[in-house]
Amino acid sequence: MTHQRTRIQVLGSGPAAEKWAAALSQTAAVSLVPEEASEIDALVVAPGATDAFGATKRALAAGRPVLFAASFSLSPWQAALLDALSRRTGAPLRIAEPFQHHGSLHFLQRLTRGSEPIWPLRYLRTTSIAPFAARIDELAIEDLATCQALIDLPPRTVTATAAQRDETGGISAVFLAVTYPKDVVVQCSISVVEPVATRQLIAVTRTRTVSIDRLNWAAPLEVAATAREAAAPLRRSITIASCDPVAEEALRFAQTVAGRGSSLGNSERWVWVAALWWAARQSMSFGGAIEVLAPKVLLSPSNTEPPPLRVIEGGGRGTRTTTRPQLTLIAS
């Protein structure tokens with residue numbers, strides 16, 4: 001009896017999509033041509049995909065596992081809908097997480113997570129400076145997702161400040177502060193205008209401070225003792241091997257689809273990530289801390305989409321005055 005290879009469609013274009021296709025072709029039959037969901041076993045939404053949300057929704061509705069590896073630009077309402085659809089159909093939805101395959105980050109995750117962590121986290125601080133980044137959203141979302149994977153708790157509030165805007169009104173730098181239960185705090189500094197590229201994560205526990213240089217994956221993890229632990233070594237460097245995130249994600253997804261691996265679904269975490277960045281955008285616009293909407297709130301019958309704003313009065317310039325009438329807005 002011949003073994004039929006798993007059929008996986010890669011939806012996308014460009015070098016990044018081709019890299020995903022090449023990685024998956026090691027263990028599955030890959031198609032780069034759009035097909036009906038009934039003709040494939042799983043879908044990979046790669047960079048360059050058109051209508052990534054719609055394609056993911058259709059595949060999950062047909063009971064097909066999905067690996068979402070495109071730029072994560074989903075609204076919290078879209079992310080919550082896909083998560084709920086995945087749960088209802090039993091088809092795993094995996095959002096690609098390249099940071100999970102950084103050896104140092106995985107090591108830190110094992111020490112700080114769980115019901116009885118060896119090093120309980122007090123706060124996380126990230127710095128991401130990418131002078132040539134096209135979108136600050138991608139940097140911010142990756143940092144928030146990394147912190148969410150480490151903390152593994154529902155965030156409460158987020159406060160965001162846009163430090164600079166370019167000539168077109170886009171955000172060039174932003175500072176984020178996120179509060180979690182158990183008095184855990186996250187601080188993120190993201191910029192696309194500074195001249196030197198830097199990516200770093202600092203994790204502070206009760207007795208240790210851990211530093212990870214995420215720009216250079218070959219850099220060692222640095223562990224320093226706090227002032228309270230004067231008898232402990234001041235600093236240690238630990239080199240932990242990392243792996244190719246695309247190859248690893250592709251292999252594990254193909255094994256899951258073929259029934260030889262456990263489900264890698266992580267869509268609930270990314271609902272929180274989408275809600276975090278949406279709340280951060282609100283905070284930048286209106287100021288102050290914004291509560292992060294929970295998945296069950298996002299999917300409630302009265303809150304399936306963000307409320308639209310309607311102009312009911314004002315906005316024009318009258319013929320008898322040079323002043324602009326005040327806008328009156330209502331949410332419906």
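The structure is a predicted model, in which local features need pLDDT of at least 70, side-chain atom pairs count only at pLDDT 80 or more, and totals for chains, interfaces and linings use all residues. Residues are numbered from 1 along each chain as its sequence is written, and side-chain values use heavy atoms, with hydrogens and water left out. The chain holds eight helices and 16 strands; these are DSSP runs numbered from the N terminus, with helices being H or I of at least four residues and strands E of at least two. Of its 332 residues, 45% are buried, where buried means under 20% relative accessible area, exposed over 50%, and partly exposed in between (1.4 Å probe, protein chains only). Among contacts (heavy atoms within 4.5 Å) with a separation of 6 or more, 61% join residues 24 or more positions apart.

**Nonpolar cores**

- The largest nonpolar core has 73 residues, of which Phe68, Phe72, Leu124 and Leu176 touch the most other members; a core is a set of buried Ala, Val, Leu, Ile, Met, Phe, Trp, Tyr and Cys residues joined through side-chain atoms within 4.5 Å.
- Helix 7 (residues 267-286) gives this core its largest share, eleven residues.
- Another core, of 19 residues, lies apart from it and includes Ala28, Val246, Ala250 and Phe253.
- Beyond its neighbours within four places in sequence, Leu176 is in contact with Leu144, Thr159, Ala160, Val186, Gln187, Cys188, Ile190, Trp277 and Ala280.

- Helix 7 is largely enclosed by the rest of the structure, because 14 of its 20 residues are buried.
- At 1.5 Å a residue, helix 7 should span 28 Å, in agreement with the 29 Å between its end C-alpha atoms; the expected span is 1.5 Å times one less than the number of residues.
- Gly287, which follows helix 7, has a positive phi near 85 degrees.
- In helix 5 (136-151), 14 of the 16 residues are buried, so this helix too is largely enclosed by the rest of the structure.

**Cavity**

- One cavity of 30 Å³ or more is found in a search of the whole structure. On a 1 Å grid over the protein atoms alone, a cavity is a set of points where a 1.4 Å probe fits but cannot get out, a pocket is an open set with protein on both sides within 12 Å along at least five of seven lines, and lining residues have an atom within 4 Å of a point.
- The largest cavity contains about 50 Å³ of space, a volume being the space filled by probe spheres set on grid points that are joined across faces, edges and corners.
- Its lining consists of Phe72, Leu74, Ala79, Leu82, Leu93, Ile95, Ser267 and Trp270.
- Seven of these lining residues are nonpolar, one is polar and none is charged; Ala, Val, Leu, Ile, Met, Phe, Trp, Tyr, Cys and Pro count as nonpolar, Asp, Glu, Lys and Arg as charged, and the others, Gly among them, as polar.
- Helix 3 (76-89), strand 5 (93-95) and helix 7 each supply at least two residues of this lining.

- The largest pocket has a volume of about 770 Å³.
- Its lining has 28 residues, and those closest to its centre are Ala69, Ala70, Ala96, Pro98 and Glu142.
- By class, this lining has 19 nonpolar, two polar and seven charged residues.
- Helix 5 supplies the largest share of the lining, four residues.
- The second largest pocket holds about 370 Å³ of space.
- Of the 16 residues that line the second largest pocket, Pro117, Leu121, Leu153, Lys182 and Val184 are closest to its centre.
- The lining of the second largest pocket divides into seven nonpolar, three polar and six charged residues.

**Individual residues**

- Gln187 is found in strand 9 (residues 185-191) and is partly exposed, at 37% relative accessible area.
- Not counting residues up to four places away in sequence, Gln187 touches Leu124, Arg125, Thr126 and Leu176.
- Asp152 is placed in the loop between helix 5 and strand 7 (157-165), and its phi is positive, near 60 degrees, in a residue other than glycine.
- Lys182 counts as exposed, at 70% relative accessibility, whereas Asp152 is partly exposed, at 41% relative accessible area.
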